[in-house]
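Thank you all for coming. I would like to walk you through the structure on the screen, taking one chain by itself and then the place where two chains meet.

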Amino acid sequence: MNIITWFIHNGTWGPFKDLLDLMSLPPERTREWLMFLGAFMVLCELTRLALATVFTRSVLAHVIRCLLTFAIQAIVLAAVLVWADHRYPGRGWINLGYALLLYFIWYLAGQLVLLARPDTEGADLGFMTVGALITFPVGIIAALI
Amino acid sequence: MHFHTAIPIKVFRYLCLLTALANAGGNLGMLLFYKPIYQLVGAPLPKDLYSFAFVCGFSFTVGVLAFMVFLAPDKTTPLLVVGIVGKAIYAFFTFYFWNHGELHPFFLIFGCWDAVYTVIFFLFLIRLVSPDLTVLNHGDILDGVDRPRTNKALFVYFSMTGNGSRAMRRVREGLESRGYSVHEKICESNEALFHFPFSLIDFIRIMLRAIFRVPTTIKPLDIPDNHPYDLVVVESQTWFVGMGAPVEAVFQDPRNRGIFAGRDVAAVNVCRGLWQRPQAQLIRWLQMVGGHLVGARAYENPGYEPIRCFSLFFFLGAGAPGKPAFLKGILTPQHISAEAERELVSFGQALAERKKIITPGVPLSLLPHRVTAPAASA
């Protein structure tokens, strides 16, 4: 048991603590978290579109694709807004602006795929709006409280 | 139909060649000349030569991988996945350590390069997967199997809200205008769940089952394997990014496979907006059961997002189109457009007129419509 505790205690947890800190959207590290979240949105959308025509009988691939339609991005951003407002109160409205920017990056990533493949859906503004109905009300409530 | 101009594949190929040269050549150069290069840019020399050489070697390997993709992109699609993961990880660690002040800005060049190439490789991967679907979505009608034509078509489909049946009516119109007779077999689920309008509970159940691909069963189609149809057209609607369960149930029942094996088959998909995956699912099922795919069409409901998406929610919730009444002016139709219907008529006509693959070595006497010598005059 001691060896397990020792192992866990000496693990590389720094990056995860740092990620948690970064996701509180500290104002002095704006460039960092904006790059990270922007990359996250782009990779989610590209993964969604890459899964469109492959692993057609895989339940796992289908569930992941459904979640990437809007749920993962919307819920992650909502959680980030709540966490950020908890750590840096008063920045709620600014963070909502950044969230809108991230939604725009999400849309651009989907539309970029139209350049790559002649038969593709591209960004789905419909479900992105559903996602926005999760992210922004949560962000607004966090900003108001 | 869904087809537009895209970047030619050779652009992606040459971008792969570019990073192949950069990775392979660049890292070789770095190993040989890292001292003068680092001095020139003011970067500190590597503290751990082993790790430095290891990273250069690994990055060189990614260059080789990119070169293989350049040479044969359609055969090396899995390597693109490796490239995406490798370059994304490299870019991530570069920015992570640079943000912590542990990396000289010179290395940002490589981080940015790999971040951009993560996206390029992803786009190339999306382009390369399932190329046969691109051919079909271009509108091509492929040659049919070399078997006698009976000019009889079988439609197999399920339509809960009427959109699918509307689409199939137009395909039927096209086929019949070219001399085909059409027999329809509507899938009937053994479960009472799949009906419209439905309650909120039923909607949630259908939604969860669609997401987790929980199958259903349908009543027997009672179509024998030696049926007279030379063309089978299957239509599916879209339920949460996937094909509808009652249609999928057709293929999940081994007794139905003989309906499709060795026959010309065509796929029709209707949806609100996310048509690609349900189309791919339907086509892969048709191929799996031995069908010879000759054509495919997929159509979205008309209208602009996001109102089109919310119109669907109102339609499903209210159980009828145009409700609530005060929103009637902005809600979009819950069926395919008139233009799509015209295209489906043309699709039916094209299916009727499809050519046949000529099997080499088959005696002329067995080919239909053979050219015979004129009878000698009496």
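Of the 145 residues in chain A, 50% are buried, where buried means under 20% relative accessible area, exposed over 50%, and partly exposed in between, with a 1.4 Å probe and protein chains only. Before I go further, this is a predicted model, in which local features need pLDDT of at least 70 and side-chain atom pairs count only at pLDDT 80 or more, while totals for chains, interfaces and linings use all residues. Residues are numbered from 1 along each chain as its sequence is written, chains are lettered from A and ligands numbered from 1 in the order in which they are written, and side-chain values use heavy atoms, with hydrogens and water left out.

The secondary structure of chain A comes to six helices and zero strands, counting DSSP runs numbered from the N terminus, with helices being H or I of at least four residues and strands E of at least two. The C-alpha trace of chain A spans about 55 × 45 × 25 Å along its principal axes. If we take the contacts in chain A with a separation of 6 or more, 69% of them join residues 24 or more positions apart, a contact being heavy atoms within 4.5 Å.

Let me turn to helix α5 of chain A, residues 92–116, which has 25 residues and reaches 37 Å from its first C-alpha to its last, close to the 36 Å expected, that expected span being 1.5 Å times one less than the number of residues. Its buried residues include Leu96(A), Tyr103(A), Trp106(A) and Val113(A). What do the buried residues of α5(A) pack against? They pack against α3, α4 and α6 of chain A, together with α1 and α4 of chain B.

Two residues elsewhere in chain A deserve a moment. Trp13(A) is in the loop between α1 and α2 of chain A, and is partly exposed, with a relative accessible area of 41%. Its side chain reaches the backbone oxygen of Ile8(A) at 2.6 Å. Thr30(A), by contrast, lies in helix α3 of chain A and is buried, with a relative accessible area of 17%; a polar atom of the Thr30(A) side chain lies 2.8 Å from the backbone oxygen of Pro27(A).

Now to the interface, where 47 residues of chain B are in contact with 47 residues of chain A. The two chains bury about 4200 Å² between them, 66% of it on carbon and sulfur atoms, buried area being the accessible area (1.4 Å probe) that two parts lose on being put together, summed over both. Ile126(B), Gln276(B) and Arg277(B) supply 19% of the area that chain B buries against chain A, more than any other three residues.

How many salt bridges are counted between chain B and chain A? The count is one, the term meaning a side-chain nitrogen of Lys or Arg within 4 Å of a carboxyl oxygen of Asp or Glu. The side chains of Asp124(A) and Arg272(B) meet in a salt bridge at 2.8 Å, N to O. On the side of chain B that touches chain A, the largest share, seven residues, comes from α10(B).

Finally, α7(B) has 12 residues, and its buried residues, among them Ile206(B) and Arg209(B), pack against α4 of chain A together with β4 of chain B.

Definitions and conventions
A polar contact is a pair of N or O atoms within 3.5 Å; within protein, one must be able to donate a hydrogen and the other to accept it, and residues adjacent in sequence count only if both atoms are side-chain atoms.
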